[in-house]
Amino acid sequence: MNTTKTRQPEIRALIGARALPPLLLVLYHFYEGHGYQHFRPFDVFIAKGYLWVEFFFALSGFVLTLVYGARKFSYGEFLKARLARLYPLQLATLLIMLAMMAFFGWLASVNGTVPMYHQQYYHLYATWQSFIANLFLVQAWHLFPQLSWNGVAWFVSVEFFLCLIFPVYLWFSRGRLWQAIAMILAGLIALYLMAQWSGHGLDITYNYGILRGMADFAVGVGLAMLYREVRPRADKLSERVLSAVQVAVFALFLYAIYDTGWSHNPLDFWIVPAMAALILALSFDRGVIARLLQTRMLMRLGAWSFAIYMGQSVWLQLLHYNGPLPALPPVLAANLHWIEPLVLVIVCAGWGAFLFWAVENPANRALRSLFQRGKSPA
């Protein structure tokens, strides 16, 4: 039996493309809780930020299909590799949330105040049942009435479900061009129906987040199939042509954002096809926008993107702390509505870098080494 594995070449532009979405999600979560700036070009762009989850689910389907469609697939090895990638940050951020709740509960008892997690404005489903569900990555499987603990980790729960059913997608990915188009259309139709039905666009998380993830993932798988079919022809195109395509698709993406009204309405769906086209346009790793995304800083932020996303809740929750704070100089106080989110983004990026180097990367390496122990070199 031939056990040789081939490795899909790294698409650097798509690594860089992961740099800004988690930071935009940080801003989205901040402004949803604190109010917007009343500057429409900025507000509309940030308010549509929740749709970057579509980008990550589709990108996951795209990359996993390319990687595992090009090698001999072992379900057990695949799940081990995905858990080594997903679980360390899931566990670390869950324990951080537990420690924060314990600390602020104690602090409130000392000060004779109500803990911030018991404030009326704060919604967090922190029960022992939901804690166990988070431990097993099933918290977003329509089990609880709201987000729990590290709320953004609903994404990881859905991603884990997608990993469990990935062989089904991989089987479909063996198809030809017409099947790729059918896969993309099926995912988009499902997302369109969800956007019409939900009453709040595609912002579907703890309840039917699995369906949202499955549809986005299907779009990504179809894009990978399409990429596989058109790559030989695209390689013959000039840099200028690819640049023109990328600029046109990016312009279409911006048009979809600003022409679909305020966030959380059924028209938000139309941003997703443009986002999917942007993934495909960047996947050829050439062109002006692709080259821009390959810069060192964006590549580094892209490597930290999962840690930035998972770690943001710590700082977003600290903003709810209602204890005594030092008085600010008048100039800072007058511009706090701009300074606070800017500082938050910088802090979340730094915190994400720390989590990447202290938790995600070493734990991933350690788990992979553990899973490989005792196996033959082949």
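User: Which residues form one aromatic cluster with W52 and F55?
Analyst: The cluster is made up of W52, F55, F56, F57, W154, F155, F250, F253 and Y309. This is a predicted model, where local features need pLDDT of at least 70 and side-chain atom pairs count only at pLDDT 80 or more, while totals for chains, interfaces and linings use all residues. Residues are numbered from 1 along each chain as its sequence is written, and side-chain values use heavy atoms, with hydrogens and water left out.

User: How many aromatic pairs does the structure hold?
Analyst: There are 34 aromatic pairs. W52 and F55 make an edge-to-face one, 5.6 Å centre to centre with 75 degrees between the planes. Rings of Phe, Tyr and Trp (its six-membered ring) pair if their centres lie within 6.5 Å; planes under 30 degrees apart are stacked, over 60 edge-to-face, the rest tilted.

User: Where do W52 and F55 lie?
Analyst: Both are in helix α4 (residues 52–69), three residues apart, about one turn of the helix. Helices are DSSP runs (H or I, at least four residues), numbered from the N terminus.

User: Buried or exposed?
Analyst: W52 and F55 are both buried, meaning under 20% relative accessible area, with exposed over 50% and partly exposed in between (1.4 Å probe, protein chains only).

User: Why is the pair of F78 and F166 stacked?
Analyst: Because the ring centres of F78 and F166 are 4.8 Å apart and their planes are at 20 degrees. The pair links distant parts of the chain, with F78 in helix α5 (residues 75–111) and F166 in helix α8 (residues 166–172), 88 residues apart. Both F78 and F166 are buried.

User: Different topic. Where does L185 lie?
Analyst: L185 is in helix α9 (residues 177–198). L185 counts as partly exposed because its relative accessibility is 47%.

Notes: Helices (H or I, at least four residues) and strands (E, at least two) are DSSP runs, numbered from the N terminus.
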